[in-house]
Amino acid sequence: MATQIVNEGSAAIESVDVLIVGAGISGIGMAVHLRDKCPGKSFAIVERRDDIGGTWNLFQYPGIRSDSDMHTLGFNFEPWTEQKAIADGPSIINYLHRIKAKHDLEKHIHFGHKVLSASWSSEDARWTVTAEKSDGSQVVMHANFVYMGAGYYDYDNPYDAQIEGLQNFKGEVVHPQFWPKDLDYAGKKVVIIGSGATAVTIVPVVAEKASHVTMLQRTPTWYAARPAKDGLANFLRKIMPEKWAYAIIRKKNVWMQDITFRTSRDNPEKVIRKLEKPLKKELGDKYVKEDYTPPYGPWEQRLCLVPDGDMFKAIAAGRADLKTGHIDTVTENGIKLKSGETLDADIIVTATGLKLAVAGKVAFEVDGKPVHWPDHYYYKGCMFSDIPNLAIVFGYLNASWTLKADIVSEYTCRVLNHMDATSTRIANPVLDRELEQEQLFDFSSGYIQRSIDELPRNSTAMPWKLNQDYLFDRKILRHDPVDDGVLKFYGPNSQQGAGQGEPALEAAE
C-alpha cells in the first residue's frame, strides 16, 4: 500500500501499512528492521517532540547517561564505535542521528505529533489514529498495523512523592524530568532527594561546581561500580572489524547480565560481596554499611550503575555526602529530618521517580469498545489478547531496553510477512480460555508497584506472558512459529481466525 495524503477540511489523512508511534530507540529500531525485512511496506513515524531520541531528548539533567553498556543498549544492526561503553546522552543522540541518516528515515518522521487516540475497525481491518499537532490542530491517520514505541513512563507527569512542606522552600525546586537549562548551581548547596539511577547520575556532576551536594535517601540502593570504558571491546576493535568486535562483546555482555541476575536470585550473598568491594575501596573510612545495604536483595530492584565509581569519589573527596533518613518537613531553607537533623539547601532536586504510562497514554478502542488494559493479557511480551494488529515494546528491567526492542521489531516483521504470505490483513492473539494469573513483575521498585493495577495481565506460562529473560524471549520471538494456533490470521469482516493451514476468510485488497 503506497502512502497517500489527502485533505479533508483542515486535517490531513495519511494511510500507511505500519504506523510507528515514537522516534526514540524503539521507533527508530523498528523503522530500520521494517525497511530491511519488509521492504514493500509503507510506514510513518509520529513523534510528539521536535527531534528524535525519546527519553534521551527529554531528559537534559546534568550527566545524563546510559545505565546499561552500549554494546547491549545499541542495536544489533549498528555497532557502537565510541570508546566509552557507558555513554552520555548527547553521544546516544548522535548514534541515533547516524542511524536515521544512514537509513534515510527523516522523510518518514512527522515531528510535533502527539497521538491522542487509536481506534481499530475489524470491518475495515485498520486503525484510525488521531494526533494533536504542535499548533493545536488535529490530524487523522489510517494504518493497518500500529507499533507502539512510546516508552513506558509518563512524559508529562513524573511521580509526585508528596513531600511535606515543599511549598515552604524559598529556593529552587527542580525535578530532573524538567531540568531548567539555565539552572545555576555553582557555589550552592544542593540536596537531591532519591537514590535511584537519576540521583546517582546527577550527584557527581553537580558536585563539581556546587559548594556541596547531599543525596538524601529513604532507602539504600545496590550499586554496581564498573569502568566507563570496556577495555576488551576497545582492544578487539583494533584487531578485527568493528562488526565482529561488537557482536562478540554484545554476546559476552548479554551472558554476563544473565549470569549476574540468576546468581543474584540464587546466591545473593555472593553478589553482595562483589558489589561491596569497590564501594569500600573508593569510600574508605566514609563507607557506612547501613547506608549502602538495602532491605532487599540484589536485582529485586534494578542495580544502579556507577561508572568509574564517580559518585563514590565525590563522596570520598568531601564534595558530596549521603544521608539516610525520612523527611519530617521542608523548611524555608532546607529539609528537616525526623531524626531532628537539618539539611541546608539552596536547591532541592526531587529525583523521586517516574510514573508509568501504558502505551503512551493513548486512548485505544477496538470495534467501538474502549481498551481497559488490566482486562488484557500480554501475548509473547509484545502484543495483547484480543487486540489485533498492535505491537508494543516494554523493555527489560534487568537488562538493556534495546535487547527487547530489537527482537520485538524482528518478530513484528515476521508477523507482517506472514500476513502477506497468507493474504490476510488481521493478526489477533485470541484468548479463548481462562488463564492462571501471576504477578507481572518480580520487582519491588516503587514505580512498578505504584502502577501495577493499571498494567496488562500476566499468565503463568507462554504465550500469555511478559518475561524478563532475553535469551528465552529471543528464541521464542525469532524461531517459534508465528502461526502458533493462538495468533489468528484472517481477513476483515470475520470474527474468527482462519485456522492453521486453512485459507483466509477474506483476502486483502
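Trainee: Is the crossing of α10 and α12 left-handed or right-handed?
Mentor: The crossing of α10 and α12 is left-handed, and please keep in mind throughout that we are reading a predicted model.

Trainee: Why is α10 called roughly parallel to α12?
Mentor: The axes of helix α10, residues 401-421, and helix α12, residues 470-479, come within 9 Å and cross at roughly 15°. Angles under 35 degrees count as roughly parallel, and therefore α10 is roughly parallel to α12.

Trainee: Which residues in α10 meet which residues in α12?
Mentor: On the side of α10 they are L403, K404, I407, V408, E410, Y411 and R414, and these meet Y470, D473, R474, I476, L477, R478 and H479 in α12. Sorted by class, this contact of α10 with α12 holds seven nonpolar, one polar and six charged residues.

Trainee: How do α1 and α10 pack, and at what angle?
Mentor: Helix α1, which spans residues 25-37, packs with α10 at an angle of about 40°, and their axes are 9 Å apart. The crossing of α1 and α10 is right-handed, whereas that of α10 and α12 is left-handed. In the contact, residues of α1 including I25, M30 and L34 meet residues of α10, among them W401, A405 and L416. By class, the contact of α1 with α10 divides into seven nonpolar, seven polar and three charged residues.

Trainee: What makes α7 and α8 oblique to each other?
Mentor: Helix α7, residues 242-266, and helix α8, residues 268-283, have axes that come within 5 Å and cross at roughly 120°. Roughly perpendicular runs from 65 to 115 and roughly antiparallel begins over 145, so α7 and α8 are oblique to each other. The contact is made by T260, T263, S264, R265 and D266 of α7, together with P268, K270 and V271 of α8, and by class it has two nonpolar, three polar and three charged residues.

Trainee: Which residues are the closest to the centre of the second largest pocket?
Mentor: This pocket has a volume of about 890 Å³, and of the 27 residues that line it, the closest to its centre are A224, R226, M256, T260 and K274. The elements that give two or more residues to the lining are β11, residues 223-226, α7 and α8, and α7 gives the most, with seven residues. The whole lining divides into 12 nonpolar, six polar and nine charged residues.

Trainee: How do you know that the peptide bond from M462 to P463 is cis?
Mentor: The omega angle of that bond is near 5°, and the bond is cis. You will find P463 in the loop between α11, residues 446-449, and α12.

Trainee: What is the phi of W299?
Mentor: Phi of W299 is near 70°, which is a positive value in a residue other than glycine. Most residues other than glycine have a negative phi. As for its place in the chain, W299 is found in the loop between α8 and β12, the latter being residues 304-307.

Terms used
Residues numbered from 1 in each chain as written. Predicted model: local features only at pLDDT ≥ 70, side-chain atom pairs only at ≥ 80, totals over all residues. Heavy atoms only, no water. Axes fitted to C-alpha atoms, helices over the stretch in contact; angles between N-to-C directions. Helix = DSSP H or I, 4+ residues; strand = E, 2+ residues; numbered from the N terminus. Contact = heavy atoms within 4.5 Å. Nonpolar A, V, L, I, M, F, W, Y, C, P; charged D, E, K, R; others polar. 1 Å grid on protein atoms, 1.4 Å probe; cavity = no way out; pocket = protein on both sides within 12 Å on 5 of 7 lines; lining within 4 Å. Points joined across faces, edges and corners; volume = space filled by probe spheres on them. Left-handed = near helix turned anticlockwise from the far one by under 90°.
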